[in-house]
Each structure stands twice: as C-alpha cells, then as structure tokens.
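Open the model in your viewer and keep the selection panel at hand. The stops below go one by one.

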Amino acid sequence: SLSEYVAKKEWGPFQDSLSFALRIVNFVIIPSMFGLIILADPIINILFSRGEFGAEAAAGTSIALFFYALGLVPVAISRIFVSVFYSLKDTRTPVFIAFIAFIANIIFSLLLMGPLGHGGLALATSLSAAVNLIGLAIMLKIKVKRLGSGGILSSALKSLIASAVMGGVVYAMLIFFGGETGNFIGRVALVSGSILVGFVTYIASARVLKCNELQVVKELILEKKRRTGKK
C-alpha cells in the first residue's frame, strides 16, 4: 500500500497508512513487552527448569529475557520504518542507520557487560535497537516532513497506560499466589491464568481509555476468520 501511494504521489493516504501501522503495532507490542518482563521468571522456569538446568541457569536466562523484552517496541517499529524507506526506493538510509546501530551495540556491550554480565549484552541489543529506531525516525521525518506523530504518540501513551494497569494486576497475582512456588502443574496454571487475566485487563483498560485500535484489531481478527472459513 505504501509503495502504491508513493507511486501515485498520494502523500495524505501514505501518511495515514503509516500512522495506522504504527498505532496498531504499538497497541499489540507494548503489552507484549510488559507481559514478557513481568512473567520472565515463571515462563523460563516452566519451559526449562529441569535436569541440569537449575535455578541459577533459570535466573540467568530470565535476566536476559527481561533485557531483550525492552527492545521489542523499537525492533517492531523499525521494521515498519524500513518498509517505508523501501517504498520510497531508498535502500541506503536503512543500511547506514543499521551500521550506526551496530557500532552502538558494540559500544554498549563493552560498557554494560562488566556491571551486568550477559544481561548487559542483552540490554546492549535493546539499546542499539532504540538507536536504530531513533535514526530511522529522524531520517524519515526529513524525507516525509509530516508523520502524524501527534496521533501516534497519543495512541502509544494510551497503550502504555493500559499495559501498566495490566502489568500491575499480573504482578499482584504472582505475588499473591506465590510466583514460582508449587508443582509444575500449579506453575503452568498460574502463568496461564495470569496471561488470561492480563489480556482481559488490557482490553478492559483499552476500552476505558477509548483506544480506537481495539476495534480495528477486532475487525482484523473477524476478517481473518471469515477468510479462513471461506477457504
């Protein structure tokens, strides 16, 4: 769609399509980031804590997952920005920015792996993803002039608030029910229940905050079901 708008020089629809994509990605990825951060320990324990993979290994892996999760949003948005540059027939800028992010990753790794160990390497990856996003955003702003950032930031703020409410509820559940204690079935039930409650809480919070993306995502899911049913 972006390439078609560029070919026709329809910059209004181009900007609307870009804004739409960014708002939908934020609506989905921000709560995913919160969920992975809060549930990092129990998820790793359920998936890997057996045999020689003991508590120490699980804790170390959880730390890495925590820091990697911080990079979800910049990675997701960067992929959209790269697609925008490709639609503008500009392949050099994303490569140049990616090279800068690569250098930043090396610098961050050297600075952080001392105090944070392997967690510092994971955090360096997330920080370099943020550098990549910032660089792409600046260059895209120069090329396109108007990105409709007001609506995007407003939408992202609502998703952030709804995600924070969801995170608080899920964290409270983990504390109340004991987090990683209990047998394997109990831990699976707790994580599954936390994910379900978190999902419901996020949707409810999004409705209260009047997030337009909620209805859009619902329509996309229904449309996909209709197409699958036809096939």
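This is a predicted model: local features need pLDDT of at least 70, side-chain atom pairs count only at pLDDT 80 or more; totals for chains, interfaces and linings use all residues.

Residues are numbered from 1 along each chain as its sequence is written, and side-chain values use heavy atoms, with hydrogens and water left out.

**Core.** Select F81 and L140. These have the most contacts inside the largest nonpolar core, which has 38 residues. Such a core is a set of buried (under 20% relative accessible area, 1.4 Å probe, protein chains only) Ala, Val, Leu, Ile, Met, Phe, Trp, Tyr and Cys residues joined through side-chain atoms within 4.5 Å. Elements giving two or more residues to this core include α5 (72–87) and α7 (118–144). Helices here are DSSP runs (H or I, at least four residues), numbered from the N terminus. α2 gives the most, with 10 residues.

**Around F81.** Which residues is F81 in contact with, leaving aside neighbours within four places in sequence? Select L18, L22, L133, L136, A137 and L140. Contact means heavy atoms within 4.5 Å.

**α7.** Next, take α7 with α6 (residues 92–116). Their axes (lines fitted to C-alpha atoms over the stretch in contact, with angles from 0 to 180 degrees between N-to-C directions) come within 7 Å and cross at roughly 150°. That makes α6 roughly antiparallel to α7 (over 145 degrees). Just after α7, select K145: its phi is positive, about 75°.

**α2 and α3.** Finish at α3 (residues 40–48), which packs against α2 at about 65°, axes 4 Å apart. That makes α2 roughly perpendicular to α3 (65 to 115 degrees). Select L36, I37 and I38 in α2; they meet A40, P42 and I43 in α3.

How values were computed
Buried means under 20% relative accessible area, exposed over 50%, partly exposed in between (1.4 Å probe, protein chains only). Angles under 35 degrees count as roughly parallel, over 145 as roughly antiparallel, 65 to 115 as roughly perpendicular and the rest as oblique.
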